[in-house]
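Below is a short note on the ligand site, in numbered points. Please read it alongside the coordinates.

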Amino acid sequence: MKLAVVGATGLVGTEILEVLAEHNFPYSELLLVASERSVGKQIEYKGKKYPVIGLADAVAAKPEIAIFSAGGDTSLEWAPKFAEAGTYVIDNSSAWRMDPNKKLVVPEINAKEISKNDKIIANPNCSTIQMVLALEPLRQRYGIKRIVVSTYQSVTGTGKAAVDQMMAERAGETPTMVYPHKIDMNVLPHIDVFQSNGYTKEEMKMINETKKIFSDDTINVTATTVRIPTIGGHSEAVNVEFKVDFDLAEVRSLLESAPGVIVQDDPANFIYPMPITAHKKDDVFVGRLRRDESQPNTLNMWIVADNLRKGAATNAVQIAEYLLENKLV
Ligand SMILES: NC(=O)c1ccc[n+]([C@@H]2O[C@H](COP(=O)([O-])OP(=O)(O)OC[C@H]3O[C@@H](n4cnc5c(N)ncnc54)[C@H](OP(=O)(O)O)[C@@H]3O)[C@@H](O)[C@H]2O)c1
């Protein structure tokens, strides 16, 4: 089993390597791939030195699985070349997510949709993954009419250069600007590019990807996505209107038994999910569970996950594990 990690020098790529090690993911050969800028550099991993190789060499090696996190343009150009060589590509970029012929997978929800012919499999947007995973058991039980989500997203979601901007500002140095404004001590109601309808691309990803993953175009979703100066994870205030009424104790127990979800909800003891405690964890944390008293059948919840973990690396590695467990590779 040859495994390639494309974008191995980046934030998500580095996290993928950590998750692969923690999960004891089996491979016989590991190919670490990045841009031409990095070719020839060495990456030390599990006590061994690996040379960084370029994309053409990686395709020629015909790996069974390639996990891509090297931006949309790289995926658009190179994922089909890997697929033609027989490789399963698990892609973290937004390049293929809304392609009607590609599966958009959160394993706990819809891994069963993957078939042998799906050579390019899309990993959803980080903010979408954590939201749909926490909502899935409630959707199954009560049905969802409408979701209103506001996010508080970590700078790690933008990549290495964004963390560098925040840290330089914090140290009083002149930063190389990734965002159009200062990010430290600030809040930007702006993630990805603005669209003609006034929403950002990140907001539209949350709306469209949620419908696709739930295979339900009738769910109404509206989103405001916001960048805050934190690392560790994304937080989301979610207001969800169900089709029928719910019982709060049952909501709690459904969430407690949901795979990949951990309930942290004890306000009296100041226990609720936070990025600082979700950091480096594979799970999605849920708390602040309370009835929206302004309208029927509606719940407020607070959802936090490490965007580099379940929002990217962990979800991708779980898809690879599914391919192996189901003998698709
Ligand atoms: N950060 C998140 O929370 C998150 C979550 C979900 C999905 N994603 C997606 O994952 C991807 C990577 O994000 P990141 O945060 O890890 O960014 P990053 O820290 O900036 O890393 C980018 C990686 O892509 C590689 N790369 C760039 N251009 C390339 C090219 N032309 N050919 C081959 N490799 C190239 C870089 O290699 P060099 O070091 O050689 O430049 C580096 O390894 C993006 O598509 C992003 O949208 C990110």
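1. A pocket here is an open set of points, on a 1 Å grid over the protein atoms alone, where a 1.4 Å probe fits, with protein on both sides within 12 Å along at least five of seven lines. A molecule sits in one if more than half of its atoms lie within 2 Å of its grid points. By that test the ligand sits in the largest pocket.

2. The model is predicted: local features need pLDDT of at least 70 and side-chain atom pairs pLDDT 80 or more, while totals for chains, interfaces and linings use all residues. Numbering runs from 1 along each chain as its sequence is written, and side-chain values use heavy atoms, without hydrogens or water.

3. The ligand is surrounded by 26 residues (a heavy atom within 4 Å). T9, V12, S35, R37 and S38 are the closest. The shell comprises nine nonpolar, 15 polar and two charged residues, with Gly counted as polar.

4. Domain 1 (2–124 + 312–325) and domain 2 (127–307) each give at least three residues to this shell; the bounds come from an automatic or database assignment.

5. Ligand oxygen atoms lie 2.6 Å from a side-chain N or O atom of S35, 2.8 Å from a backbone N or O atom of V12, and 2.9 Å from a side-chain N or O atom of N307.

Note on methods. A polar contact is a pair of N or O atoms within 3.5 Å; within protein, one must be able to donate a hydrogen and the other to accept it, and residues adjacent in sequence count only if both atoms are side-chain atoms. On a 1 Å grid over the protein atoms alone, a cavity is a set of points where a 1.4 Å probe fits but cannot get out, and a pocket is an open set with protein on both sides within 12 Å along at least five of seven lines; lining residues have an atom within 4 Å of a point.
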